[in-house]
Every structure is written in structure tokens, then in C-alpha cells.
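Work through the exercises below with the sequence and the structure open. Each task is followed by a solution in steps.

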Amino acid sequence: KSSQQIISRMRKYWIVTALLTLGLLQGCSPALNWRDVRSVNTTLLALFPCKPEESMRDVSLGAKPMRMTLLGCQAQDATFSLVYANASAQGPAGEFLGQWKTVTLGNLRGKAEKETPFLIKGATVLAQSVKVEARGSRPDGSPLVAHVVWFAAGDQVFQAAVYAERVDPAAANTFFEG
């Protein structure tokens, strides 16, 4: 064989090898790209699987209207969100968390299938600090599963949630524990 044929075959071999390697590397890219996120109005450091967008809304959930901050993003066919507010004007944090849970489940048009106590480091110990796994529906009627936690730290109240057609329990636990 001529040296030209050998060089041509070597080039083809390296091109095919490079393309296969590139394809394998793309296949290994994580669907969940975990990162620490801190919002300006809280000392909470959250762990998100994607880069969240941040927005604020005025909400009438308790005794008086209050400003809530929402961080949220989508990854692996799920929505990950963290909502928090200063609830000092709303009365006891525990009562507020209980109301928030009721409103959230009502908005889901669903019911809690499992409820367990939820406590993370730095949070205030309250009976209303819970993790709920619920089934409900989206506004269009399609099924929705929600894993949601409520907790407080001082005057701030928090709700972290994962919404999807099928929630990955490992991803939800990583999000909540982070």
C-alpha cells in the first residue's frame, strides 16, 4: 500500500475516533448541573440543579400583603422553585406556614399523599415545618406531582418545591437538603 493510502486511512480513523469521543462526552453531560445560589434578601444558601431566574411579587396570603421572592428554573423535565418572604407582620411563623401549605395544595387541586416533618440546619423548629408529596393537576388539567417543603428561619418563611409529571426523589432530596 502506498503511504498516501495509509495516511488517508489514519485520518479517517482519527476523525471517526474524535467524533465518537465527542458524542460520548456530550452523552455524559449532566442533566442536573448543581450550583449554590444566594438571593440578596436572605442569608439562605440554596442548591439548585440549574441557574434560577429571580422575581418578586406582592402576595396577600396572610393578614397583610407581603413581598415574596421567587427563584425558579427547569431541569430534567421538572420545575425547581424556592419562594421566601419576611413574615414578621403576618403573626406566628408556624401559623403562616400552615396557611401557605393549605393554599399551595388548593392551587394544585390535589391532596397530600405523604407528609413528614422537615428540619434543616439553621431552621426554626416548628410543627408546621413539613415535607409533602402530593398529586394534583396543572391549570390545563394534566397530572402534576409536587414535592414541597415549608420551613422558617427567624422571621423568614420558605417554600421549596419540585413540580413534574414524575418527580425524581433523589433530585428532590438533594434540592431540599442543599
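**Exercise 1. Find how many bridges join strand 3 to strand 4, and which way the two strands run.**

Step 1. Locate the strands: strand 3 covers residues 53–59, and strand 4 covers residues 66–75. Helices (H or I, at least four residues) and strands (E, at least two) are DSSP runs, numbered from the N terminus.

Step 2. Two strands pair if DSSP finds at least two bridges between them.

The model is predicted: local features need pLDDT of at least 70, and side-chain atom pairs count only at pLDDT 80 or more, while totals for chains, interfaces and linings use all residues. Residues are numbered from 1 along each chain as its sequence is written, and side-chain values use heavy atoms, with hydrogens and water left out.

**Exercise 2. Give the strand order of the open sheet, and state which strands stand at its edges.**

Step 1. The open sheet has seven strands in the order 3-4-5-9-8-7-6, paired antiparallel.

Step 2. Strand 3 and strand 6 (111–117) each have a single partner strand, so one side of each is left without a neighbour in the sheet. These two are the edge strands.

Step 3. On average, neighbouring strands of this sheet are turned by 20° against each other, direction ignored. Axes are lines fitted to C-alpha atoms, for helices over the stretch in contact, and angles run from 0 to 180 degrees between N-to-C directions.

**Exercise 3. Determine which strands helix 2 lies across, and which strands helix 3 touches.**

Step 1. Helix 2 (residues 93–108) lies across strands 4, 5, 6, 7, 8 and 9, and runs at about 20° to strand 9.

Step 2. Helix 3 (residues 169–177) packs on the sheet and touches strands 5, 7, 8 and 9. Its direction makes about 165° with that of strand 9. Contact means heavy atoms within 4.5 Å.

**Exercise 4. Classify the aromatic pairs F48 with F175 and Y84 with F158.**

Step 1. Apply the criteria: rings of Phe, Tyr and Trp (its six-membered ring) pair if their centres lie within 6.5 Å; planes under 30 degrees apart count as stacked, over 60 as edge-to-face and the rest as tilted. The structure holds nine such pairs.

Step 2. The centres of F48 and F175 are 5.1 Å apart and their planes stand at 65°, so this pair is edge-to-face. F48 lies in strand 2 (residues 45–48) and F175 in helix 3, so the pair ties together parts that are 127 residues apart in sequence. Both residues, F48 and F175, are buried (under 20% relative accessible area; exposed is over 50%, partly exposed in between; 1.4 Å probe, protein chains only).

Step 3. Y84 and F158 are tilted, with 5.8 Å from centre to centre and 35° between the planes. Y84 lies in strand 5 and F158 in strand 9, so the pair ties together parts 74 residues apart in sequence. Y84 and F158 are both buried.

**Exercise 5. Describe the salt bridges D58 with R67 and K101 with E115.**

Step 1. A salt bridge is a side-chain nitrogen of Lys or Arg within 4 Å of a carboxyl oxygen of Asp or Glu. The whole structure holds four.

Step 2. In the pair D58 and R67, the closest N and O atoms are 3.0 Å apart. D58 is exposed at 58% relative accessibility, and R67 is partly exposed at 46%.

Step 3. K101 and E115 meet at 3.0 Å, N to O. K101 lies in helix 2 and E115 in strand 6, so the pair ties together parts 14 residues apart in sequence.
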